[in-house]
Every structure is written in structure tokens, then in C-alpha cells.
Amino acid sequence: MIGECTWSSDAVSRQMVRNLLDHTIPKTVVALPNDGQGWRIIPVIFARAGATPDAQSLLHDQNGMVVDLPILYADLSEDGG
């Protein structure tokens with residue numbers, strides 16, 4: 001997973017997802033052993049307020065995901081919900 005994190009009260013925009021896909025991931029991949037060959041890269045946005053529908057759609061098209069505050073709370077709770 002390679003991602004961007006934001007604690008803003010605004011939903012993540014499509015532009016932030018584009019930045020992740022076009023800049024953050026390529027720069028990170030070349031820093032991996034063997035320039036990322038053999039790695040499965042999953043784009044992820046970690047966002048307090050989630051993402052706009054356009055941003056979610058773009059991530060979905062790239063087999064990525066949004067992890068928002070409710071998801072974090074559910075995953076980190078003792079009972080899983």
C-alpha cells in the first residue's frame with residue numbers, strides 16, 4: 001500500500017488522488033528494491049472525511065481504496081465493529 005494521508009475536514013478531491021497516482025507512487029516505487037519489480041502496489045487514501053465520488057471512482061479504477069475515520073474506528077476497535 002502506498003498512500004496519502006490527510007486530517008482535513010474536507011473530503012479528498014480527485015486532484016489529490018491524481019497526485020498520489022502520478023507523483024507519490026512512481027517516486028516511491030523507484031525507491032523499492034529492484035525498482036518495485038515484483039511488488040503489488042495498492043493506492044490508498046487515508047482521510048478523516050473520506051473522498052469525493054470522483055476521487056473514489058478514480059481510486060476504484062486503479063484498484064485502490066479509501067480508508068476513512070469510520071473504517072479506522074471499526075478496524076481498530078476490540079470487537080471489530
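## Two asparagines in loops

Let's start with Asn 34, which is found in the loop between α1 and β2. Keep in mind that this is a predicted model. Asn 34 has a phi near 60°, which is a positive value in a residue other than glycine. Is Asn 34 buried or exposed? Its relative accessibility is 63%, so Asn 34 counts as exposed.

Now hop along to Asn 63, in the loop between α2 and β3 (65-68). Phi of Asn 63 is near 60°, again a positive value in a residue that isn't glycine. With a relative accessible area of 63%, Asn 63 is exposed.

## A buried loop residue

Ile 42 sits in the loop between α1 (14-31) and β2 (43-47). The cut-off for buried is under 20% relative accessible area, and Ile 42 comes in at 16%, so it counts as buried.

Who does Ile 42 touch? If you skip its neighbours within four places in sequence, Ile 42 is in contact with Met 1, Ile 2, Asn 63 and Gly 64. As for Asn 19, it is 23 residues away from Ile 42 along the chain, and their C-alpha atoms are 14 Å apart.

In soluble globular proteins, nonpolar side chains tend to be buried together. Here, the largest nonpolar core has 14 residues, and the ones touching the most other members are Val 12, Val 17, Leu 20, Ile 25, Ile 45 and Leu 59. Two or more core residues come from each of α1, β2 and α2 (53-61). The largest share, five residues, is from α1.

Take Val 17 as an example: beyond its neighbours within four places in sequence, Val 17 is in contact with Val 12, Ile 45, Ala 55, Leu 58 and Leu 59.

Terms used:
Residues numbered from 1 in each chain as written. Predicted model: local features only at pLDDT ≥ 70, side-chain atom pairs only at ≥ 80, totals over all residues. Heavy atoms only, no water. Helix = DSSP H or I, 4+ residues; strand = E, 2+ residues; numbered from the N terminus. Buried < 20%, exposed > 50% of the residue type's maximum accessible area, 1.4 Å probe, protein only. Contact = heavy atoms within 4.5 Å. Core = buried A, V, L, I, M, F, W, Y, C linked by side-chain atoms within 4.5 Å.
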